[in-house]
Amino acid sequence: MSGDGDNGGGAAQGARMDTGAGTAAGSGPGSDLELGAGAADTGTAARLQKLFEGHRLTPTQRRIAQCMVRQAADAPFLSSVELAELAGVSQPSVTRFAVALGFDGYPALRRHLREVAPTGTPGGSDAYNEYQQAVQAEIDNLRHLAAALADPSPVIEAGRVLAASRPLPVLGLRAASAQAAGFSYFARKVHPDVRLLDEGGTMLTDRIDAAVRAGATALLCFALPRHPREVVDALATARDAGLTLVTVADSAFAPVAHPTDLLLPAPVGTGLAFDTACAPMLLGRVLLEAMCDALPDAQARLEEFDTNAAARGLFVE
């Protein structure tokens with residue numbers, strides 16, 4: 001199973017949290033592959049260079065390879081849609097490039113890049129079994145998220161937007177339902193009216209309409225691969241109703257992306273049979289913190305809850 005999420009591309013988005021992907025330097029299709037002076041990690045760039053050596057690549061494929069060398073630090077985290085955007089090629093060209101290197105497809109190439117990425121521990125990736133490698137990949141995803149949060153302004157803005165919405169609908173279907181439920185559980189302790197939307201079907205539109213009629217001004221969505229069509233349709237409905245959308249997604253190029261939305265990307269892990277979503281979960285908690293900061297009575301509500309919980313003997317001390 002792949003967490004690549006290449007079910008469709010998104011245009012360049014309006015409000016985005018910087019993922020550190022940078023911009024590929026321009027190069028002619030027939031230019032020689034060489035290490036870019038601006039590569040973030042020369043060791044990783046050298047490994048990429050070695051991976052590409054000995055393969056007969058087309059001019060388009062050489063352009064992709066050169067882009068990956070120049071973006072060496074971010075290469076293991078880019079989806080095929082993002083890489084295609086950076087290299088100025090089509091997404092199918094990225095898939096054919098991965099096959100030309102001997103992989104079954106781009107997800108297999110990306111897994112390989114993550115497995116051979118330096119971890120800072122003796123022995124390198126060869127010392128890890130497949131389960132440890134999956135954990136290491138998630139650690140890398142969290143490092144990538146930490147780097148993106150160097151500019152906290154998008155999260156602060158999103159927290160302010162969510163705090164102001166009464167009620168606050170939180171959408172998450174299928175793989176993303178756990179993220180939406182976790183956020184909603186904690187958000188209800190500080191926000192007066194949180195409405196979890198974790199079931200699709202014809203009632204989903206009705207529940208969004210009901211939230212709008214009740215005064216909602218924003219909707220939070222957790223969107224993870226594989227992206228359900230119902231989520232795309234539900235977001236379009238919410239957008240048409242005038243709601244401001246805050247979306248936590250696996251990529252800024254996910255099919256749910258829209259130029260007018262506040263999109264906060266967090267990569268998912270693809271090393272196991274089912275995707276892992278530690279980074280999206282943590283980003284949800286960060287967003288919750290930002291929302292608490294924007295709610296003037298959040299601390300009072302938390303203290304009231306703790307007092308009531310103690311009186312009821314709710315938790316085992």
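A: Rings of Phe, Tyr and Trp (its six-membered ring) pair if their centres lie within 6.5 Å; planes under 30 degrees apart count as stacked, over 60 as edge-to-face and the rest as tilted. By this rule there are four aromatic pairs. One of them joins tyrosine 185 and phenylalanine 186, edge-to-face at 4.9 Å centre to centre with 75° between the planes. The model is predicted: local features need pLDDT of at least 70, side-chain atom pairs count only at pLDDT 80 or more, and totals for chains, interfaces and linings use all residues. Residues are numbered from 1 along each chain as its sequence is written, and side-chain values use heavy atoms, with hydrogens and water left out.

Q: Why does tyrosine 185 count as partly exposed?

A: Buried means under 20% relative accessible area, exposed over 50%, partly exposed in between (1.4 Å probe, protein chains only). Tyrosine 185 is partly exposed because its relative accessibility is 43%; phenylalanine 186 is also partly exposed, at 33%.

Q: Which residues of strand E2 lie on each side?

A: In a regular strand the side chains alternate between the two faces of the sheet. Strands (E, at least two residues) are DSSP runs, numbered from the N terminus. In E2 (residues 168-171), Leu168 and Val170 lie on one side and Pro169 and Leu171 on the other, all buried.

Q: To which strand do four bridges join E2?

A: Two strands pair if DSSP finds at least two bridges between them. Four bridges join E2 to the parallel strand E3 (residues 194-197), where valine 194 stands opposite leucine 168. Two bridges join E2 to E4 (residues 218-223), also running parallel, and cysteine 221 in E4 is the bridge partner of leucine 171.
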